[in-house]
Amino acid sequence: MTKTDTSSRSGAARAAADTTTLEELERRATAHRDRPSYGHDALIACDRLVRIFTTDGVEVQALQGLDLLVKEGELMALVGASGSGKSTLMNILAGLDVPTAGAARVAGCDLLAMDGKARLRYRREVVGFVWQQTARNLLPYLTAAQNVALPMQLKGRAKRKAERAEELLAMLGIADARDRRPHQLSGGQQQRVAIAVALANNPSVLLADEPTGELDSATGEQVFAAFRRANEELGTTIVIVTHDQAVASEVRRTVAIRDGRTSSEVLRRTEVDEQGMESLVAREYAMLDRAGRLQLPAEYTQSLGMEHRVALELEQDHIGVWPDDAER
Ligand SMILES: Nc1ncnc2c1ncn2[C@@H]1O[C@H](COP(=O)(O)OP(=O)(O)OP(=O)(O)O)[C@@H](O)[C@H]1O
Ligand SMILES: [Mg+2]
């Protein structure tokens with residue numbers, strides 16, 4: 001009898017528990033549905049992006065769950081040691097390579113789901129690309145103006161193309177290079193023509209992989225000024241991979257990639273003091289991934305002897321991270 005009682009009681013308790021669970025589940029599902037998805041307002045959204053290359057049975061994990069959000073209208077730099085995955089990311093964003101896993105969306109295009117035709121349209125109309133090797137950006141037997149007009153012709157936008165080519169070249173300060181072929185131009189001029197080519201079809205995003213890598217610093221600065229101009233005048237969102245410290249420190253946002261993941265970023269903003277003097281203030285931030293993981297800078301952890309374990313404390317407006325004191 002007692003036994004039955006217990007079981008019926010536990011049955012009722014289970015039923016009650018089940019109802020709450022159901023309600024709770026429903027509540028959670030609705031909350032989840034109403035919550036905006038990751039990067040919903042970003043022009044570029046990379047979510048846990050993975051790219052594995054296999055060569056002769058050896059795997060290289062070039063991207064290991066990279067997260068990156070870029071808003072429309074941003075001009076930002078990507079930095080990182082050689083082999084950290086910068087070009088791999090750029091090739092994926094350019095629609096030239098497909099990630100192994102994760103999600104990537106640019107201007108509403110799902111980079112993992114595009115078929116051949118959509119990919120071609122994406123490369124022609126949604127993104128523009130500037131490579132490091134000046135020779136790779138331009139056709140040697142066409143003049144600067146013809147190089148700029150070519151993408152418009154391919155898109156079938158033949159009308160006004162000569163006019164637009166001239167406008168773009170003038171905007172980037174190389175109007176006088178119009179009738180010259182690439183070999184008659186300096187490296188810096190060639191890169192500025194390349195920017196005009198990349199902008200020809202008015203893309204949403206302009207990607208550049210070390211565009212000033214082969215130039216001296218003064219010429220590099222002129223090329224960077226052309227990117228800035230495009231960003232300001234046309235509102236094009238621009239992502240530049242660079243080793244050039246001058247470029248990295250002139251943009252408002254510099255994201256660092258380490259071992260195939262975004263690890264930290266520096267944001268710069270203009271502050272005006274009481275005397276009305278403007279100054280640029282830079283602050284470094286660490287990236288917090290969607291699982292809550294955070295990479296602490298090695299110089300911080302080393303100076304406090306933090307190794308395998310740290311103690312965390314939630315304070316009102318910050319989280320304290322303390323060296324492991326369990327075995328002391
Ligand atoms: N097509 C490929 N096949 C095999 N491995 C590749 C390929 N492309 C890149 N990798 C490897 O992926 C890793 C990341 O390379 P990636 O070119 O993206 O680096 P990066 O940050 O652009 O470096 P760098 O500053 O030298 O240009 C490296 O270990 C590289 O050897
Ligand atoms: Mg590279």
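Me: Why do H5 and H7 count as roughly parallel?

Reply: The axes of H5 (residues 144-155) and H7 cross at roughly 25° and come within 7 Å. Axes are lines fitted to C-alpha atoms over the stretch in contact, and angles run from 0 to 180 degrees between N-to-C directions. Roughly parallel means under 35 degrees (over 145 is roughly antiparallel, 65 to 115 roughly perpendicular, the rest oblique). H5 is therefore roughly parallel to H7.

This is a predicted model, where local features need pLDDT of at least 70, side-chain atom pairs need 80 or more, and totals for chains, interfaces and linings use all residues. Residues are numbered from 1 along each chain, chains are lettered from A and ligands numbered from 1 in written order, and side-chain values use heavy atoms, without hydrogens and water.

Me: Which residues make the contact of H5 with H7?

Reply: H5 brings Ala144, Asn147, Val148 and Pro151, and H7 brings Val193, Ala196 and Val197. Contact means heavy atoms within 4.5 Å. By class, six of these residues are nonpolar, one is polar and none is charged. Here Ala, Val, Leu, Ile, Met, Phe, Trp, Tyr, Cys and Pro are nonpolar, Asp, Glu, Lys and Arg charged, the others, Gly among them, polar.

Me: What makes H7 and H8 roughly parallel?

Reply: Again, the angle. The axes of H7 (residues 187-199) and H8 (residues 217-234) cross at roughly 20° and come within 9 Å. H7 and H8 are therefore roughly parallel to each other. From H7, Gly188, Gln191, Arg192, Ile195 and Leu199 make the contact. From H8 come Thr219, Gln222, Val223, Ala226, Phe227, Ala230 and Leu234. That contact has seven nonpolar, four polar and one charged residues.

Me: Which elements supply at least two residues each to the lining of the second largest pocket?

Reply: H3 (116-126), strand S6 (127-130), H4 (134-137), H5 and H7 do. These elements are DSSP runs, numbered from the N terminus: helices are H or I with at least four residues, strands E with at least two. The largest share, four residues, comes from H5. The pocket's volume is about 660 Å³. Of its 23 lining residues, Arg123, Arg124, Phe129, Pro151 and Val197 are closest to the centre. The lining divides into 16 nonpolar, four polar and three charged residues.

Me: What makes a cavity something other than a pocket?

Reply: On a 1 Å grid over the protein atoms alone, a 1.4 Å probe fits in a cavity but cannot get out, whereas a pocket is an open set with protein on both sides within 12 Å along at least five of seven lines; lining residues have an atom within 4 Å of a point. The structure holds one cavity of 30 Å³ or more. The largest cavity has a volume of about 40 Å³, the space filled by probe spheres on grid points joined across faces, edges and corners. Its lining is Ser217, Gly220, Glu221, Phe224, Asp244, Ala246, Val247 and Glu250. H8 gives the most, four residues.
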